[in-house]
Each structure stands twice: as structure tokens, then as C-alpha cells.
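Here is a short report for a reader meeting this structure for the first time. Look through the model, then read on.

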Amino acid sequence: MINEATRLNVEEGQDDRLLKPLGGYLGYSNEWRELAQVISRDIFSSDPNVRWDDIIGLDNAKRIMKEAVVYPIKYPQLFTGILSPWKGLLLYGPPGTGKTLLAKAVATECNTTFFNISASSIVSKWRGDSEKLVRVLFELARFHAPSTIFLDELESLMSQRGSSGGGTEHEGSRRMKTELLVQMDGLAKTDDLVFLLAASNLPWELDHAMLRRLEKRILVDLPTEEAREAMFKHHLPPLITPESHGLDLRAEIDYKLLAGATQGYSGSDIRLVAKEAAMTPVRKVFQVLEQLAEAEEPHIALDPVTTQDVQSAIAHTKPSARLLTEKYKKWQQEYESV
């Protein structure tokens, strides 16, 4: 992974290392120098600090990602010929199920340069710049190989080409998509350890040519009952000690009961429920705190968070993806590739 010193060199204009792969045929013009600096800002220079074990459940997704990214680097002698490494993987599923967390785990656990790319990274208002940014991105990724390019919210970049919303697609958008597809083809024809990891909440909106290039397509589904129970234990353990003020907040909870009551909830939904439940005993002391003089030191004992508190939070927190579950399963039947 690129270190902080390299990033500082880029910011100071000492970017020969970043521009080296472009120098042979693009030159060191100010235009390409600026484009390379734009892409270099999206290289992870710090550790996201997300480990595989920090992600509850999703064992199948973690296994496939290790096969695609980790093992080809650790055991290159095994990945030759028909077993050559995959070049693209799509994580799709409801929002809040852990797709971005999996990408952060790749950045943390794998000794690769990690490009965290969003639409703002490679979409430009200037004519011709978007496709140039895509080209620079892949050239830098090859130069810094082994590297991983992460494209979040892929549908915002690679929706189906042609007419959209009753109108004609903009020419610049078509050129950018074409360049991205061409660069993906280039990855498949080289031995460079460059891997494209993409995430999408709306896979049915993706261009079919892009789906073909994303060889592995994995449904990151809603958590199982066992995983939901583990999430509640993680967010609301028997003793919660907030770091900010040192108050001990206890939890007296039937975790198995709550796991059964949250069928259809995503990981982020469960975190929201736990946060709302933990606020219940805190709300009871607000009035006391407001009556204290500013100079007084409050001595407060909070009531424990109970199963009833969590059930009340569940009643007021609806699952965010409950209406799309069947649509994901139907899409999986047509396009799954594991």
C-alpha cells in the first residue's frame, strides 16, 4: 500500500514515480500531471483498520475475496494458466449489508495499493477528461501492482448504455464507459496483479458488457439469524463503557429473542436499532443534567438497556431493504457467478 511519504511527494509536485508509466507515450505535460494527481488522492495512504474477523457473517464473500485478491499474491505459483487470477469481482445486495466493509478489509489485510474510486474521481465536466482519468487510473494501478481498484456505487458509473430516462445518453458518458470497458479488457490480457472490486446496490441497472468483465458476482445478503444475534452482542454487550464520559451502561438483553424479531434487517439497520435502544436510559437523565449548575460535577447512574428498550426501537425502525429482497434473489438466479 502506498505510504504517506509517497503521498506527500505527490502533493509537493515530486510526482515522477506516479507519472513514470505515462511518460513513454503521453509525456509529462501539465495536463497529464494534474490528472495523475487527481487519481493519486484516492490512493489509501492510511490503514482503514477493518479486519476480516471484524465483519460478522458473510463467510462465503470473505472466502471468495481471499481467493481473488489475497492468495494470488501469496501463492503466485498456483495461479497460472486456467487458474490465472480473476480480474473483476462485483459485490451486490441491499444497502447496509457490509459491501464497503469488505472492501476496507481488503485494503487493511492485503498488501496491495488500494485505489478508492467514486464517480467524482473519474467524471469531469471538461470534454475528454473523464476517459483520460480512467486511462490514468489503470496505468497507475498497473505501475503500483499488486493493486486493487475499488469502484463504489458502480451503477452511477456503468448504467446501461443507450437511452436513459426517456432521453439520449450524453456523449461524454458513453466515451467514459467505453474507455472503462476497454481498460478492463486490457487487464484480462496481462499478467499484472491488478484487481477491480466493485459494489452496487442496484445490479439490474448495470451495463451487460461490464457484468461480463466482472467474472465473480456475489450476493452480499441480509444477515442470518445467527449473525444478527452476534451483531446485537457486539453493539450492546453486557457492559458498555462509552469512551467520551466514562459512564458505565449495562445491557440486560435476550439476544436470541431480538435476533428472531429482526428478520429482514441489514447490519446497518441493527446498528441503528442498538443505538436508539442505548439512548433510552440516557434520555431519562437529560432533565436532571439541565437543572445542574455548570460548575457542578454530575454523578449519574444509568439504568440498564433492556430487551423492552430494544423491542421499542425495533417497532420504530423499519428495515431499509425489505421491499427489494425478492428482486435481489431473482437477479441472483439469472446472473450469479460464484
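Arg283 and Glu276 form a salt bridge, and their closest N and O atoms are 2.9 Å apart. Arg283 is partly exposed, at 39% relative accessibility. Glu276 is partly exposed too, with a relative accessible area of 34%. Salt bridges that share partners also join Asp185, Arg212 and Arg213 into one network.

The model is a predicted one. The salt bridges in it number 10.

## The chain as a whole

The protein chain has 338 residues, and 46% of them are buried. Its secondary structure comes to 15 helices and 8 strands.

How much of the contact count comes from residues 24 or more positions apart? Among contacts with a separation of 6 or more, such residues account for 79%.

## Bridges between helices

Glu131 and Arg175 form a salt bridge, with 2.6 Å between the closest N and O atoms. Glu131 lies in helix H7 (residues 129-143) and Arg175 in helix H8 (residues 171-188), so the bridge ties together parts that are 44 residues apart in sequence. Is Glu131 buried or exposed? Glu131 counts as buried, because its relative accessibility is 15% and the cut-off for buried is under 20%. Arg175 is partly exposed, with a relative accessible area of 23%.

Arg213 and Asp185 form another salt bridge. Here the closest N and O atoms are 2.8 Å apart. This pair links distant parts of the chain: Arg213 sits in helix H9 (residues 208-213) and Asp185 in helix H8, 28 residues apart. Arg213 is buried, with a relative accessible area of 13%. Asp185 counts as partly exposed, at 26% relative accessibility.

## Helix H12 and its packing

Helix H12 covers residues 267-283, which is 17 residues. From first C-alpha to last, H12 reaches 25 Å. That is close to the 24 Å expected at 1.5 Å a residue.

Which residues of H12 are buried? They are Gly267, Asp269, Ile270, Val273, Ala274, Ala277, Ala278 and Pro281. An α-helix has 3.6 residues a turn, so residues three or four places apart point the same way.

## The largest pocket

The largest pocket has a volume of about 890 Å³. It is lined by 34 residues, and the closest to its centre are His234, His235, Gly267, Ser268 and Arg271. Helix H5 (99-109), E4, H10 and H12 each give two or more residues to the lining of this pocket.

Which element gives the largest share of the lining of the largest pocket? H12 does, with 8 residues. By type, the lining of the largest pocket divides into 17 nonpolar, 11 polar and 6 charged residues.

## The cavity

Rolling a probe the size of a water molecule over the atoms shows where empty space is left. The model has 1 cavity of 30 Å³ or more. The largest cavity has a volume of about 90 Å³. Of the 15 residues that line it, Ala68, Val69, Leu193, Val194 and Phe195 are the closest to its centre.

Helix H4 (59-74), strand E3 (147-151) and strand E4 (194-200) each give two or more residues to the lining of the largest cavity. H4 gives the largest share, 4 residues. The lining of the largest cavity divides into 10 nonpolar, 3 polar and 2 charged residues.

## Leu258, a buried residue

Leu258 is found in helix H11 (residues 255-261). Leu258 counts as buried, at 0% relative accessibility. What does Leu258 touch, leaving out residues up to four places away in sequence? Its contacts are Phe232, Ile253, Thr307, Val310, Gln311 and Ile314.

Leu258 and Thr307 are 49 residues apart in sequence. In space, their C-alpha atoms are 7.6 Å apart.

Definitions and conventions. Residues numbered from 1 in each chain as written. Predicted model: local features only at pLDDT ≥ 70, side-chain atom pairs only at ≥ 80, totals over all residues. Heavy atoms only, no water. 1 Å grid on protein atoms, 1.4 Å probe; cavity = no way out; pocket = protein on both sides within 12 Å on 5 of 7 lines; lining within 4 Å. Points joined across faces, edges and corners; volume = space filled by probe spheres on them. Nonpolar A, V, L, I, M, F, W, Y, C, P; charged D, E, K, R; others polar. Expected span 1.5 Å × (residues − 1). Buried < 20%, exposed > 50% of the residue type's maximum accessible area, 1.4 Å probe, protein only. Salt bridge = Lys/Arg side-chain N within 4 Å of Asp/Glu carboxyl O. Contact = heavy atoms within 4.5 Å.
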